[in-house]
Amino acid sequence: AFWKGQHPFVFQTVSMAKYEVENVSKIILEKPQMNAYVRNYRVESFEKGLLFVDGVFEKILAPGNYLYWKNHQNITVAKGDTRVQTLEVLGQEILTKDKVQLRLNFAVQYQLTDFEKAFVATKDYEKQLYVLVQMALRSLVGGLSFDELMDQKSQVAEMVFVDIVEKSTRLGIAIIDTGLKDVILPGEIRDIMNQVLIAEKKAQANSIMRREETASTRS
């Protein structure tokens, strides 16, 4: 009951049986007094949302502000980033074909393209992508000898890219780029390679000195 005065009152009856809000102004729903009755979800401009009702996927949400009634239904909004992301696979200890143990650091740039596959059909898409990259590295490095790996080091990233690019589509992910950051050698191998490098440089220096001496003798 309200006194009759100079300000007219308008009343609107709504049903909260369904979670969706219909024909009610957002200006009213966003007032602090409505917090006890309304759920508020924000999907940023660089995100996409996934609406789950009672654990069942309903639809993809574009960027924006979403309001739902607080009723007996359980509402969950999962959000995923639409920007390019980087996954780093660090410290992978792998044996080459000739039993040399190496540690590799690898990086993958990717982007979510199918949010339903990534969040509904896949459990923890980022962990699944990590395993894909890990298995591709182990399969590739395990099939090469140490010398072959050193010779083809610049091609490893490209070979891993080819291996995972199609498999990752099952996860709702597009692979943009891959890169081998580091190849960390065991101490013994590193010392041997340093000795080989020193010997090569000494041989080059001796060759240059002999050429200079020959040129001087001719003069």
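Is K59 buried, exposed or partly exposed? K59 is partly exposed, with a relative accessible area of 34%; here buried means under 20%, exposed over 50% and partly exposed in between, using a 1.4 Å probe and protein chains only.

Before the points, some ground rules. This is a predicted model, where local features need pLDDT of at least 70 and side-chain atom pairs count only at pLDDT 80 or more, while totals for chains, interfaces and linings use all residues. Residues are numbered from 1 along each chain as its sequence is written, and side-chain values use heavy atoms, with hydrogens and water left out.

1. Start with the salt bridges, each defined as a side-chain nitrogen of Lys or Arg within 4 Å of a carboxyl oxygen of Asp or Glu. The count comes to four. One of them joins E20 to K59, at 3.7 Å from N to O. This pair ties together distant parts of the chain, with E20 in the segment before α1 (26-29) and K59 in strand β3 (residues 56-61), 39 residues apart. Helices (H or I, at least four residues) and strands (E, at least two) are DSSP runs, numbered from the N terminus.

2. Next, look at E88 and K181, whose side chains form a salt bridge of 2.9 Å, N to O. Here too the partners sit in distant parts of the chain: E88 is in strand β6 (residues 85-95) and K181 in strand β8 (residues 173-184), 93 residues apart. E88 is partly exposed at 37% relative accessibility, and K181 is partly exposed at 42%.

3. D81 deserves a click. It lies in strand β5 (residues 75-81), and R83 forms a salt bridge with D81, with the closest N and O atoms 2.7 Å apart. The two side chains also make a polar contact at 2.7 Å, meaning a pair of N or O atoms within 3.5 Å; within protein, one must be able to donate a hydrogen and the other to accept it, and residues adjacent in sequence count only if both atoms are side-chain atoms. R83 is partly exposed, at 44% relative accessibility. Leaving out residues up to four places away in sequence, D81 touches F46, L112 and F115, where contact means heavy atoms within 4.5 Å.

4. Now the sheet that D81's strand belongs to. Three strands form an open, antiparallel sheet in the order β3-β2-β5, with two strands counted as paired if DSSP finds at least two bridges between them. β3 and β5 stand at the edges with a single partner strand each, so one side of each is left without a neighbour in the sheet. On average, neighbouring strands are turned by 25° against each other, direction ignored; the axes are lines fitted to C-alpha atoms, for helices over the stretch in contact, and angles run from 0 to 180 degrees between N-to-C directions. Five bridges join β2 (residues 47-53) to β3, and F52 has F57 in β3 as its bridge partner.

5. Last, the rings. The whole structure holds six aromatic pairs, counted when ring centres of Phe, Tyr or Trp (its six-membered ring) lie within 6.5 Å; planes under 30 degrees apart are stacked, over 60 edge-to-face and the rest tilted. F115 and F119 form a stacked pair, 6.1 Å centre to centre with 5° between the planes. Both lie in helix α2 (residues 115-121), four residues apart, about one turn of the helix. F115 is buried at 4% relative accessibility, whereas F119 is partly exposed at 25%. Elsewhere, ring pairs link Y19, Y41 and Y68 into a cluster.
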